[in-house]
Every structure is written in structure tokens, then in C-alpha cells.
Amino acid sequence: MNATWGHASNMDETLLTTLTVNGRTVTRRISARQHLSDFLRDELGLTGAHTGCEHGVCGACTVRVDGLAVRGCLMLAVQADGCKVDTIEGLSDSGEIADLQGAFHRRNALQCGFCTPGMLMSAQELLSSRPDAKRDEIRAHMSGNYCRCTGYHAIVDAIEEVAASRREGRK
Amino acid sequence: MNARAELPLHAPGTAVDKGYIGQSVPRPNAKRLLQGRGAYVDDLRFPQLAHVVFFRSPYAHARLKRLDLSRAAAQPGVIAVFDGRAVAQYCKPWVAVLGHLKGIKSPPQFAIAIERACCQGEAMAAIVAESRAQGEDALQLVEAEWEELPVVCDMEESLAGKYVIHPALGDNICFERKFSTDAVDAAFAKADVVAEETYTFGRHTGVTLESRSILADYNAAEQTLTVYQSTQAPHMMQDIFSRHLDIPEANVRVICKDVGGSFGIKVHVYPDEMATAAISVMLRRPVKFVADRLESFLTDIHAREHKARVRIACTKEGEILAFELWDLTAIGPYSVYPRTSGIEGNQVVNLTGGPYKHQQYRGQTQVVFTNKNVSCQYRGVGHPIAVALTEGIVDVAAEQLGLDPAEFRRRNLIPDDAYPYSFPSGLKFEQLSHHQSLDKLLALMDYAKLRTEQAALRKLGVYRGIGLAAMIEVTNPSPAFYGVGGARISAQDGATLRLDPTGMVTCLASVTEQGQGTEGVFAQIAASAVGVTIDKVRVITGDTGVTPYGGGTWASRGAGIGGEAVLQAGRALRSNILDVATHILGANRGELDIVGNEVVNRLSLESKLTLAELGRVAYFRPDTLPQKFQSELTVTRHYTPRDYGFTFTNGIQACLVEVDVETGFVKLLKHWCVEDCGTVINPMLVDEQLRGGIVQGIGAALFEECLYSEEGQLMNGSMVDYLVPLSAEMPDIVVAHVETPTKQSDLGAKGAGEAGTAGAPAAVMNAINDALRPFKARVTAQPATPQRILEALGKI
């Protein structure tokens, strides 16, 4: 790869990339510098992952890559070659997080909704890996996702409720 | 039988059917957001869309001696490059002053600055490209030569005026106001106890998670400008685009779809957004600007940055006689258009001492220019400062008097039976509930038990503190806020309700949705007023081409003002529906009512006619109705509060913290809030909005500060460096209400959106100082960082 920084024309080098997004295989020539969030949003029109900071802090762009929650703004799209990427749209349609979405809705665990897709991604990761998470563990885990509207209380309530109902369902 | 019709919802002695009002109904519009299927500006897709990026000043104050955009213009994908003069041909500059802020002054501000940058981040040129990335590539090739000018960053230096930032203005003072009752000196002279303290408040900013976003689409054939904008006030922006771009107002349409948080950040005119609209006109194509996060920190309005001295006079019996205040605040190089940057200081003067019954008060504010980013109205506007000053010095006085802080407040809060009440600064209070709220709070938190626990833990070397903060809040402003000063900002809002042929009700409202739940509570009000179930209501907001004219979302006004318009429109629509039903059924109108989507017999509730059937007849078979009768199934109503300048609310918060006196770290253990916002339309939404406000206030108290170097460089302008509250540090927050409806409206709702942010910083500060009491240490600078706490303790 040509690494001549500052020369605009080299910035547009593209790589043929194939990935599976929400269960559908897509192949595109992707600009080497394009991050995954921009690729999902601009190339595939999946605008559910939001770019809140583009430096990996706010968590609004969180998506799932090969089962792990990932900051879409910190991963280049070409790095997702061969990967399985799930976005909020996919998780909504599959029904995987319907209980979380329902609890967030009933408890008003969102206001402007900009952080919400990332919140749900992180919550699902927590409940999948640590189904017994207690309130303080939920608070700690969700600290990678900024919310400027709610004060977090209802978000924690909603996740706690779903954790309990999933545990109940497993018994 | 419940009376649904024309009574105020709060009419005494009447069982009014409130329907959904007061119920915790989930917001219908939240579902799309939960699936990532909202539509924020950056989610919209347009053919021929161009992207604009800005060349911004790296200096806080410098003359641009030479600007060469030619290399940038030649880069791949670059469509056009513009300097300030080119954009000024299409966009007139503005001066942000208002008639009722006597003496306020500010220089003209251009969409793109011409020749001189007055703060870091000021846009000096625009590059338009096919993609944002190409625009940013080209940005690297802008050539500029600068001559650095003296930088004024410190507000006291600015006030001293050794260097005047805008020579044409004569000095660095944007605005000053002095107010005094006539016997302040006498009150201090006869006081047994006088306490005085100086407080400082850091600059902070809103950090809306969706950054400022605008997509302007000029249609040269129609000479129309359609602007998709993340804004709180679409009609205000329609007027501004019209006047500054010289396009007839009717040809400008502002649409705001989903807005990713506002908090006052998105109610101002930003030069880069005006430039984007101008460039769309210049290029005759859609142009988009979305601030990246670094631009947000540099250019979103900042707020606060006050240094204030406050003094209190008390008798030895514990009666407050007087307050005195000197406030100094810095606002950057320009007063922000069109609301001005004089309002916050003005509010500090208006509100200091607000909850108490003293009769003497003297206050002054001085608002000065500096070479930092502009500051202006952000959530709470002056309240967090005034409440912290008041409640901070009240605690000092209580300690000097040997009184418990709760008891001292009880002795001095304005009695609940003293209304209507005139406050010494000139404010008029319709009806507040300070004592009821205090009692409720103390019971809710079990104040006495916490004090006992605190004393026991202190012996074990655990330092907990309990902080109280009583407050008043400006809500539901009348035209006295902006309109009287000449700003073309509507204090009135409107709602149009339409019964559709299928029996659905469509509500078009001028108040906007920023996530606070406007559309949800309007659906509740509309459904209740008309007599339909909430699933039959669709609410549309945020489109000047469609909704009635109105102010939008700011100053805690949406539910109280816009909600009343919806209520009145709903009642009028119900009446018109019953007119139609009377004809269809050949019935006596007085026998009919609407319940559960049906026209029913008022007494027996027997179903007579569904609204879907009524709609079918009214729209498709009007030939079956009497020839002289015309159905009117679309109605519009407006509402402006006029009896009072502002509809004040009151509330009180408490915070419990534990301070680690070795590290200076503060652990928030719990927070309580009792709020009186009048009629609570949706308790769940109000509670979470209050909690969100409290958390922003906690951010101000503990974490958030825009730090500038002496050279005027923002040193922590990224999300990594600028700390905001996250879920792990935040406590559970208990919210309760006292409901004192305003009698000015039938709905009785007052505002709630800013109360949390207004009161929390004082409660947290007082809690920390209560924890530090055994060490005789006090922290009077916000944010109360570990460093400041350790300094107060004399440990560093």
C-alpha cells in the first residue's frame, strides 16, 4: 500500500471487500480509509449506527462484528472483510433484542434516541455474556455509551428488568 | 358523570375526566428510534448533495493577512471554495442585541469571518466537495498567513480593558445591569450575621450526542430554500434565513426531523450553518454541514463561566434580610444571535435569592467579551449560577447561625399562602409550593436518619455530606422574554387538529420534539380532549411548511404553551365532531359525547356512531347532511401566556455524597428531587427529563469544564478529554412531585425541562462542603475536581 500521507489522490485507494451484514453478503470496493460506520451508513444506507464522536468514545456507533460489540468508528470497513456484521436494523428485524427494546420503550429509557442503538448493542452484549449482572455491573458496563438526555436511571432499570426476565425464562 | 368539556383540568370541586393526562404512557414515536430507524439530518440522502467543510482559525485572535484557496480548489472532488467576502454577498451579517437589554452591544458577525479571527475555531473559509473526506483533504492545502493579535482570555482583564477586542465598541463590556431595592445598606447595617463568599463557575458546553447538522437545499427554479436542520426553533430559523439570505419568508421551509439532543445548544444562529445555507443558494444544489465532534467543542455555544461574589444579611433569629450580588461573566467575542448573550447574566440578577422572603436585594452583572468561543443560553440559563450562589451562601449563613440547613430554609422560604407574590428583583410568582416541597423532600430522603448516619460515620473517618438546594425556575415565558426586545421569536404556539375520514386524529404542532416527548404528551392531550384512544392520534412537528407558527422548544415552554394549544384545539375539534354527529343522528346535541373513538349517549355511554363512520359521511357523503351545514373537522388554536411574564415553578433537590479526603474523589450516593411543574402530563417522561437535567447539572458540578490556555486554545476539546457523566458514576435519582397547576391555562402545566440542571450543581456543591465541614474546608469553584477538593483541604 502506498503510504504517502498528505497526498489526497492516494487517499482513495480501494480494496475489494466482502462481508456479511445482517445476514446478507455484500461485496464492495471500499476506500481503504473509510471506517465501518461510514461504510454502513453511506454505502449500505444503514443509518441506525450513529457517529457521535468518531474517536471511539461515545458508543453511538456500536455494532456487532463476529459476535463482539465494536465501535464502528474505530474499525476500518476493509478490516471487516470476511466478517459477520450485525447492526441495530438486523437485530430489530430478527427479534433478538425485542425484549430490550420493549423494556426501553415502556420505561422511556431513551429521549432523543441518538445513543439508543449503541446502548442496545452494549446491553445485549452484557446480557449475553453476563446474564446475572447486578445493577452496579450494569452501570459499569454501560459506561462506554454516552447518554446526554436520560440520566441513565431508566436505562439501567430497563436492562435490569430484561436481565431478570431472561433469567426467569431460562429456568 | 365526568365533565369533559370546557372546564380547566384543575377546576376545584369538579371531577374532570383527564383521560391520558397524568398517565405514564410510553411515547409512540420512540419505536423508530429504538430500531435505529429515526431520521436525523445526517441520515437523509439527496441527489447532487455537496459537503461543506470549514477552514477555521487556529488562533484565538489574529489577522488573516493572506488566504490562498487555489491549491485546495484544485483538489479532486472539490466543487467550490469561498472566503468571507464571497459568502457575505449572499448572507448579511447580524448584530445580536435586544431592545430590552439596555445598552447591550456587539459587533457585526459574518457567516464567514472577514480578515480577522476573534476566537479559535472561527470559520475563515469554506470548501465544498463531493464528499466530506475530499473536502477535508483539500482543507490541508489551504494556505494562510496570520498576524497574531493580543488575546484577552481572562474576564477580569477584559473588564479592565487594557486591550479592547472590538475598538469600535469602545470597551469590552457587552452588557451590564444593576438593580437595587432602596434599603439594602440599611438591612446589612442592622444584620446580626453577614456572610460573604466568592464562587467561580467553569465554562461548559452541551455535548448533544448528535452534533449540529444542517442540509440546505436551494431550488433555483422556484427560488425556494428548504433547510433540514437539527434545531429547536424552526420558525425562528425560517425568519432568519429569509432575512439574511434575502429570500421571501414564504419561500423558506425549515424541517427538523429527529433531533439528537439540544439542551439550548441548537436554538442559536451559527455562522457555519448560515454559510451552509448561503452556499446552497450560491451553488444551486443541496449542501450539508455536520459538525464533527472537535468542531462541536470549539464552536457549539459554551455557557456559564462566571465569577460572582454574594453576600447575605441575617438576624440572629435566623431571618434573611437581604442578598447582594456582584456577577462577572465572559461570553467570547460576539453576543450570539438572535437571543443575545446578555440573558444569562440578566437571569443571575433576576433569580439570586429566588426562593426566599427577604425584602432587600441588590444585584449586578457585567458581561464581557473575550477571545474564547462564544457563550450563550444553555439549559438552565443563569439558574445553575443563581441557585448555587443563593444556596451556597445560605448554607454558610446557617452554619454561622448554628442552624440546621433544612431548618434555616424552612424559616426563610416564601410561605405557601403568600401568593401571588412580588419578589424584590421584580419577578411575580403566581403560586409556588416551597414548604410543601421541602417537607416532601425531607420525608422522601429521611433527612433526620441521614444526619444521624452521617454523624456516626464521621467518627469512623467516613465523610458524607448532605446538600440541599431550593430553587425557582422560569418557564412558559411570555413575549417579555424576547419579543418585547425586538427579536422575531414567537412566544405563542399553535396546534392544528384534524379528524381524518378513518377516525384518526392528526395533530400538527409548532413545538418541536428533541426527545423530551413533545409528540407523546401532545398525543395524550389530543386523545383526551377529543375522546379517542391514543393509538388514533398522529402528531407531526418540526416543519414550517406544515405546522402552525410558533416558538419551538426552549425555556421549558413546550408542554405548558404548546400543550394548552393542543388542549384547546382538541376541545374545539370535539365540539365540531359533535355538530356533525348531531346532524347524522338527528339527535339532541346535549345528549352526545365522544368516548373511546365513538359518539356515545352522554349518560348511558351507549354507542351511537363510530368516528370512522362519522368521518366517512362528513368527507364522502356530505350530500346526506343538511344543505346549509358545512362540517369543520380541522381546527387550529394558539396559546400565549400573558398574565405573568414567566410562569415560575419551584423545586428542591438533595444530594448525598461521600468524599474521600485522601484523594479528593466524590462518590455520589443518591440524589432526590421534588419538583412542582404544575399539571404532570406524563410522570414517567417528566421524571426521566428531570433526571437527565440533574445529571447535566452534576456534570457541571463535578466534571465538565472547557479549559483554555492563556493563548485562547481549547485544551480539552474532545470526548476523551472533556468529561461528562457516565452511568457508572451516576447515582439513582428519586423524583417526586407537588402539583400546583398554573391557573393561567386550562391544562395547568408549567415547564420542567431545565429544573434538574438548575438545582443539581448547588445540591452537589453543598453536599461536598457539608462533607468537608469537619476540616473547615470549602470548595467554591465548579467543577469541584479532586484537585480543587484537595486544595481546599490543604493537602496539595
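This is a predicted model: local features need pLDDT of at least 70, side-chain atom pairs count only at pLDDT 80 or more; totals for chains, interfaces and linings use all residues.
The C-alpha atom of A:Glu125 is separated by 8.5 Å from that of A:Gly67, although the two residues are 58 residues apart along the chain.

**Helices of chain A**

Helix H4 (residues 116-129) of chain A has a helical partner in helix H6 (residues 153-170) of chain A, and the two axes come within 11 Å and cross at roughly 35 degrees. The crossing of H4(A) and H6(A) is right-handed. On the side of H4(A) the contact is made by A:Met119, A:Ala123 and A:Leu127, while H6(A) supplies A:Ile155, A:Ile159, A:Val162, A:Ala163 and A:Arg166. An α-helix has 3.6 residues a turn, so residues three or four places apart point the same way. Sorted by class, this contact of H4(A) with H6(A) has 7 nonpolar residues, no polar residues and 1 charged residue.

Helix H1 (residues 36-43) of chain A is mostly covered, with 6 of its 8 residues buried. These buried residues are A:Leu36, A:Ser37, A:Asp38, A:Phe39, A:Leu40 and A:Arg41, and they pack against strand E2 (24-31) and strand E3 (62-65) of chain A. Just after H1(A), A:Gly45 takes a positive phi of about 70 degrees.

Which elements give two or more residues to the side of chain A that touches chain B? The contact takes 45 residues from chain A and 47 residues from chain B, and the elements of chain A concerned are helix H2 (88-94), helix H3 (98-106), H4, helix H5 (135-141) and H6. By class, that side of chain A has 21 nonpolar, 19 polar and 5 charged residues.

**Domains of chain B**

According to the domain assignment, chain B is divided into domain 1 (30-38 + 492-639), domain 2 (44-149 + 214-259 + 265-289) and domain 3 (302-479 + 643-792). The C-alpha centres of domain 1 and domain 3 of chain B lie 39 Å apart, and 16 residues of domain 1 are in contact with 19 residues of domain 3. On the side of domain 1 that touches domain 3, the elements giving two or more residues are H15 and helix H16 (558-585) of chain B, and H16(B) gives the most, with 6 residues. The residues on this side of domain 1 divide into 7 nonpolar, 7 polar and 2 charged.

**Sheets and strands of chain B**

An open sheet of 4 strands in chain B has the order E21-E20-E19-E25, and its pairing is mixed. Strand E21 (537-541) and strand E25 (634-639) of chain B stand at the edges with a single partner strand each, so one side of each is left without a neighbour in the sheet. Neighbouring strands of this sheet are turned by 20 degrees against each other on average, direction ignored. Helix H15 (residues 518-530) of chain B lies across E19, E20 and E21 of chain B and runs at about 135 degrees to E21(B).

Strand E5 (residues 123-129) of chain B is mostly covered, as 7 of its 7 residues are buried. Strand E14 (residues 320-330) of chain B is largely enclosed by the rest of the structure, because 10 of its 11 residues are buried. Strand pairings in chain B are set out below.

| Strand pair | Sense | Bridges |
|---|---|---|
| E19(B) and E20(B) | antiparallel | 5 bridges |
| E1(B) and E5(B) | antiparallel | 6 bridges |
| E3(B) and E5(B) | antiparallel | 5 bridges |
| E13(B) and E14(B) | antiparallel | 9 bridges |
| E14(B) and E15(B) | parallel | 9 bridges |

Individual partners can be named for these pairings. B:Ala495 is bridged to B:Ala509 in E20(B), B:Val52 has its partner B:Val128 in E5(B), and B:Asp83 has its partner B:Ala125 in E5(B). Within E14(B), the bridge partner of B:Arg311 is B:Glu324, and B:Asp327 is bridged to B:Thr365 in E15(B). E13(B) and E14(B) form a hairpin with 5 residues between them, and B:Gly318 in the turn has a positive phi of about 95 degrees.

Terms used
Residues are numbered from 1 along each chain as its sequence is written. Chains are lettered from A and ligands numbered from 1 in the order in which they are written. Two strands pair if DSSP finds at least two bridges between them. Axes are lines fitted to C-alpha atoms, for helices over the stretch in contact, and angles run from 0 to 180 degrees between N-to-C directions. Two residues are in contact if their C-beta atoms, placed from the backbone, lie within 7 Å. A residue is buried if 20 or more other C-beta atoms lie within 10 Å of its own, exposed if 12 or fewer, and partly exposed in between; C-beta atoms are placed from the backbone. A crossing is left-handed if the near helix is turned anticlockwise from the far one by less than a right angle, and right-handed if clockwise. Ala, Val, Leu, Ile, Met, Phe, Trp, Tyr, Cys and Pro count as nonpolar, Asp, Glu, Lys and Arg as charged, and the others, Gly among them, as polar. Domain bounds come from an automatic or database domain assignment.
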